[in-house]
Amino acid sequence: MADPRQDPGDSRDSTSGTGLLYQLRLFFIALQFFTRLPIPRWVGFQPEWLQRCTRYFPLVGWIVAWVCALVYLLAVQFWPHLLAVLLSTAVGIWLTGAFHEDGFADVCDGLGGAVGRERALEIMRDSRLGSYGVIGIVLLLALKVAALNALLPLQVLAVLGMAHPVSRWLATCLIWRMDYVREQGKAKPLAQHLHGGEFLLASLCAALPVIGVWALGLMSWQRIVVGVLLAALAAVWLAQRFQQRLGGYTGDCLGAVQQMSEAAFYLGALATLPGWWTA
């Protein structure tokens, strides 16, 4: 029997890796790392939890998606569709602290010019934003807002619910298959190759919202497939670029994959499909 005097933050249950409390702690650590949301004090902290919490990155996408969807759903009752989309997008950026957007902009700066590996890594570490970063993030946000604005209200909710977990799962794929190239960095604690079971859990967290949207009939399976396919193609293309230019990935690369694949998912869900595909 467990000692009732044991501190909830005690690390003695943190090494089992299987208990429900341990898994719950990992989720809260991931939520704290990737968003601004507060977590309960009883969660505590151990460095090894941060190394193992990546499995719940797609599940954090659920929370971000729900918040963005709720803001959109409330805003569209009072204001035009475009304004509701803008407010939802703004809240999503605030909720994540522009964590992923900042990574995308840094990647645009680092890989935008014809520079070598070390110089690219140096530019990406620089807190200042260059021309490539400014142009890239403005175009990306405009693309996402325009795509969401072109969807019907129920489709916006469905796409938000799928794109956020799927894009974060695709970023997790880099951690699973690629090497972290910095000696130090914000993502260094997360840069532990996932075990098969951990990656399977992350995949399940990403797949469930997609299955749910399809089962509820909120969007046709063809549009869902195209959205997932375009998101995956964007992630694969970026991963190849990272491998060629950097020899692996950095934390900024994870943010770039999340942002690009999210936007690609929106475009896929919005695409006008040929008659032979929809028949």
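Me: How many helices and strands are there in the protein?
Reply: The secondary structure comes to 12 helices and zero strands. Both are DSSP runs numbered from the N terminus: helices are H or I with at least four residues, strands are E with at least two. This is a predicted model, where local features need pLDDT of at least 70, side-chain atom pairs count only at pLDDT 80 or more, and totals for chains, interfaces and linings use all residues. Residues are numbered from 1 along each chain as its sequence is written, and side-chain values use heavy atoms, with hydrogens and water left out.

Me: OK, packing. At what angle do the axes of α5 and α6 cross?
Reply: Roughly 150°, and the axes come within 8 Å. Helix α5 covers residues 99-112 and α6 covers 117-125. Axes are lines fitted to C-alpha atoms, for helices over the stretch in contact, and angles run from 0 to 180 degrees between N-to-C directions.

Me: Which residues of α5 and α6 make the contact?
Reply: From α5, Asp106, Val107, Asp109, Gly110 and Leu111; from α6, Ala120, Ile123 and Met124. Contact means heavy atoms within 4.5 Å.

Me: Switching topic. What percentage of the protein's residues count as buried?
Reply: 48% of the 279 residues. Buried means under 20% relative accessible area, with a 1.4 Å probe and protein chains only.

Me: And what share of the contacts with a separation of 6 or more comes from residues 24 or more positions apart?
Reply: Such residues account for 75% of those contacts.

Key
Buried means under 20% relative accessible area, exposed over 50%, partly exposed in between (1.4 Å probe, protein chains only).
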